[in-house]
Structure formats: C-alpha cells, structure tokens
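I opened this model to look up its pocket, its overall build and a handful of residues. My notes follow in the order in which I made them.

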Amino acid sequence: MNEKLHARLREILLEKSVITGRQFTLASGRTSDFYVDARMTTLDAEGAALCGQLFLDRLAGLEVEAVGGYSIGADPIVTAIAVLGFQQGRPLPAFIIRKEEKGHGTRKVIEGNFRPGMRVALFEDVVTSGGSILKGIDQVTAAGGIIVSVLALIDRQEGGAAAIAARGLPFTALFTQADLRG
C-alpha cells in the first residue's frame with residue numbers, strides 16, 4: 001500500500017468526515033459518539049482519487065472483472081475505481097446495487113455493467129454490523145455474480161468484518177474506527 005496516499009486520505013477523512021462529541025444513530029440502529037459521513041470524503045475530488053487509487057492497489061492480483069456496491073455509499077468509490085482503472089490501462093466497469101427493485105422500466109436491482117458469471121469485488125463506504133453489504137452479497141450471488149472480495153473504506157469494528165468472513169469471503173478495509181479515533 002502506498003503509505004503517503006493512505007496518510008493523506010486519513011487526513012481528509014479526519015478533516016471532512018469524522019464527527020464526534022454527540023450521539024448518532026447508525027444504520028444498524030446502534031448509537032455511537034463516533035460518526036463518519038464518508039461521502040464528504042468520497043465525493044471530494046482528492047478524496048475520490050485517493051480512494052480509487054488505494055482500492056485499485058488492493059485489487060492488484062485479484063481476477064476481478066467489475067466493481068460494485070450498494071447505492072449510495074459505494075457509488076463514488078466504484079466510479080473512482082472505474083475511471084482510474086481505465087486511465088491506468090486496467091479498466092474495471094462498475095455497477096450499483098439498488099436498495100430495492102426499480103418499479104418501472106427494466107425493474108433491475110443491479111444497474112450498470114454486471115452480468116451473470118462475472119468475478120466481482122463489492123465495496124462499501126462504512127461497515128458496522130455488515131447488514132447492507134450482506135444483503136448486497138446475497139443479491140449479487142442470486143444474480144449469478146462470483147464475489148472475489150469485499151472491501152470498505154472504514155470498518156467500524158462492530159461485527160461487520162466477522163459477518164462477512166462467516167460468508168467465506170475475504171474482507172479488507174482501508175481504515176478501522178481505531179485508525180480514525182487517535
């Protein structure tokens with residue numbers, strides 16, 4: 001991993017995304033005095049570029065044909081990976097998993113560059129209990145995708161990594177909650 005890029009991304013996360021000092025209700029339903037609004041970083045030009053590059057580096061050596069994840073947290077991450085991958089001669093098309101089936105048109109749950117049999121990596125911005133990404137794993141698997149790896153920007157270290165591992169999938173995060181607290 002490029003330590004310089006990793007350190008700079010941590011700085012941006014601490015500056016733009018990490019919020020402490022009051023109680024927040026998380027998507028898991030739990031409350032915490034530590035909240036990460038990751039989109040403030042992943043939708044920042046420099047933050048997006050750093051995420052894209054660091055994740056591309058993590059995908060090196062994996063036979064991945066596409067990158068995807070749950071909308072809205074994964075949208076900027078997989079887009080950054082797709083753009084940077086193309087620019088660097090390693091094009092990886094992206095796809096997005098909807099929270100629910102579209103009620104009109106094609107009625108797709110998975111939008112974009114996905115087809116059955118593809119070897120894919122799934123992404124999430126923040127993993128807490130893993131509920132969202134586990135649902136995404138189920139949806140991609142049901143649609144015929146072969147999940148090679150699951151990656152996150154931040155692992156809150158509250159059970160999500162273990163839940164993903166229990167599915168037999170490798171999981172890695174660029175940062176843990178502990179990395180951003182100190």
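**Pocket**

I began with the largest pocket, whose volume is about 430 Å³. A pocket here is an open set of points on a 1 Å grid over the protein atoms alone, with protein on both sides within 12 Å along at least five of seven lines, for a 1.4 Å probe. Grid points are joined across faces, edges and corners, and the volume is the space filled by probe spheres set on the points.

The model is predicted: local features need pLDDT of at least 70, side-chain atom pairs count only at pLDDT 80 or more, and totals for chains, interfaces and linings use all residues. Residues are numbered from 1 along each chain as its sequence is written, and side-chain values use heavy atoms, with hydrogens and water left out.

Next I listed the lining, where a residue counts if it has an atom within 4 Å of a point. The largest pocket has 23 lining residues, and A27, D125, V126, T128 and S132 lie nearest its centre. The elements giving two or more residues to this lining are β2 (31–36), β6 (119–127) and α5 (131–142). Helices (H or I, at least four residues) and strands (E, at least two) are DSSP runs, numbered from the N terminus. I noted that β6 supplies the largest share of the lining, four residues.

By type, I found nine nonpolar, nine polar and five charged residues in the lining. Asp, Glu, Lys and Arg count as charged, Ala, Val, Leu, Ile, Met, Phe, Trp, Tyr, Cys and Pro as nonpolar, and the others, Gly among them, as polar.

**Whole chain**

I counted seven helices and eight strands in the chain. The radius of gyration is 16 Å, close to the 16 Å of the globule rule for 182 residues, so the chain is as compact as a globular protein of that length. The radius is taken over C-alpha atoms, and the rule is 2.2 Å times the number of residues to the power 0.38. The C-alpha trace spans about 45 × 35 × 30 Å along its principal axes.

Of the 182 residues, 47% count as buried (under 20% relative accessible area; exposed is over 50%, partly exposed in between; 1.4 Å probe, protein chains only). Among contacts (heavy atoms within 4.5 Å) between residues at least 6 apart in sequence, 66% join residues at least 24 apart.

**Single residues**

I looked up L92 in the loop between α4 (75–87) and β4 (94–97). L92 is buried because its relative accessibility is 3%. Beyond its neighbours within four places in sequence, L92 has contacts that include L56, L59, V64 and I81.

Outside the four places on either side in sequence, S149 touches L62, V120, A121, L122 and P170.

T79 is in helix α4 and counts as partly exposed at 44% relative accessibility.

**Backbone**

I found a cis peptide bond from S71 to I72, with omega near 25°. I72 is in the loop between β3 (66–70) and α4.

Q157, in the loop between β7 and α6 (160–166), has phi near 60°, a positive value in a residue other than glycine. I logged Q157 as partly exposed, with a relative accessible area of 46%.
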